[in-house]
Amino acid sequence: MNDEQIDELDFLILRELQKDGSMSLTVMAKNLDVSIGTVRNRMARLLEDKTIQIIGRIEPDKVGFHAYARIFISVKPAKHIREVAKKLSNLPEVSFLALISGKYDLELNVQCRDNNHLLDVLEKIQGIEAVYETETNMYLKVLKIAQPQLDLVKDLWVKPVIEKS
């Protein structure tokens, strides 16, 4: 979706979903004072163009992930960064992966059952050809996992709804 297609109603739908991702379309339509068909069509478009994805966010510690870490990776030669990133993205423990600037080339977060599982993952990562160096930081206790509030960027991309007569 490009910025010109996002309007006030899209924003309001996204904000409703941030409050409660399992909210029914009927409740959302009532909250926004629009028809359920309008909400259904907007949701279909937002899902199709991947502006949103509906997922269930779990509390890692409550389901058995007790070792959560951030790993920085240096790749040499640098021409293999994307190849290494692709291999890393296929590891089921990886919950976040990004190309970064600075001393390291890649940053990833992993969620593991325990420290032994984390060690196994680190061995897999270090066994990938062109992985030159890693640095691992353990999260001792995660205090907040959330999406940023949409109101922080509303003025950057929300276009007014144009009423048709």
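Trainee: Which residue does Glu-16 form a salt bridge with?

Mentor: Glu-16 pairs with Lys-19, and their closest N and O atoms are 3.0 Å apart. Keep in mind that this is a predicted model.

Trainee: Okay, and how many residues apart are they in helix H1?

Mentor: Three, so about one helical turn separates Glu-16 and Lys-19.

Trainee: Is Glu-16 buried or exposed?

Mentor: Glu-16 counts as buried because its relative accessibility is 7%, under the 20% cut-off. Lys-19, at 59%, counts as exposed.

Trainee: How many salt bridges does the structure hold?

Mentor: Six. One of them joins Lys-103 and Glu-133, with the closest N and O atoms 3.9 Å apart. Lys-103 sits in the loop between strand S2 and S3 while Glu-133 is in strand S4, so this pair ties together parts that are 30 residues apart in sequence. There's also a network, in which salt bridges with shared partners join Asp-7, Asp-10, Arg-42 and Arg-45.

Trainee: Switching topic: which residues of H6 are buried?

Mentor: His-117, Leu-118, Val-121, Leu-122 and Ile-125. Looking down the axis of H6, they fall within an arc of 140°, so they line one face of the helix.

Trainee: And what covers those buried residues?

Mentor: The cover includes strand S1, helix H5, strand S3 and strand S4. On the face turned away from the buried side, H6 carries the exposed residues Asn-116 and Glu-123.

Trainee: Last one: what caps the N-terminal end of H6?

Mentor: That's Asp-114, with a side-chain oxygen 3.2 Å from the backbone nitrogen of Asn-116.

Technical notes
Residues are numbered from 1 along each chain as its sequence is written. This is a predicted model: local features need pLDDT of at least 70, side-chain atom pairs count only at pLDDT 80 or more; totals for chains, interfaces and linings use all residues. Side-chain values use heavy atoms; hydrogens and water are left out. Buried means under 20% relative accessible area, exposed over 50%, partly exposed in between (1.4 Å probe, protein chains only). Helices (H or I, at least four residues) and strands (E, at least two) are DSSP runs, numbered from the N terminus. The arc is that of the directions from the helix axis to the C-beta atoms. Contact means heavy atoms within 4.5 Å. A polar contact is a pair of N or O atoms within 3.5 Å; within protein, one must be able to donate a hydrogen and the other to accept it, and residues adjacent in sequence count only if both atoms are side-chain atoms. A salt bridge is a side-chain nitrogen of Lys or Arg within 4 Å of a carboxyl oxygen of Asp or Glu.
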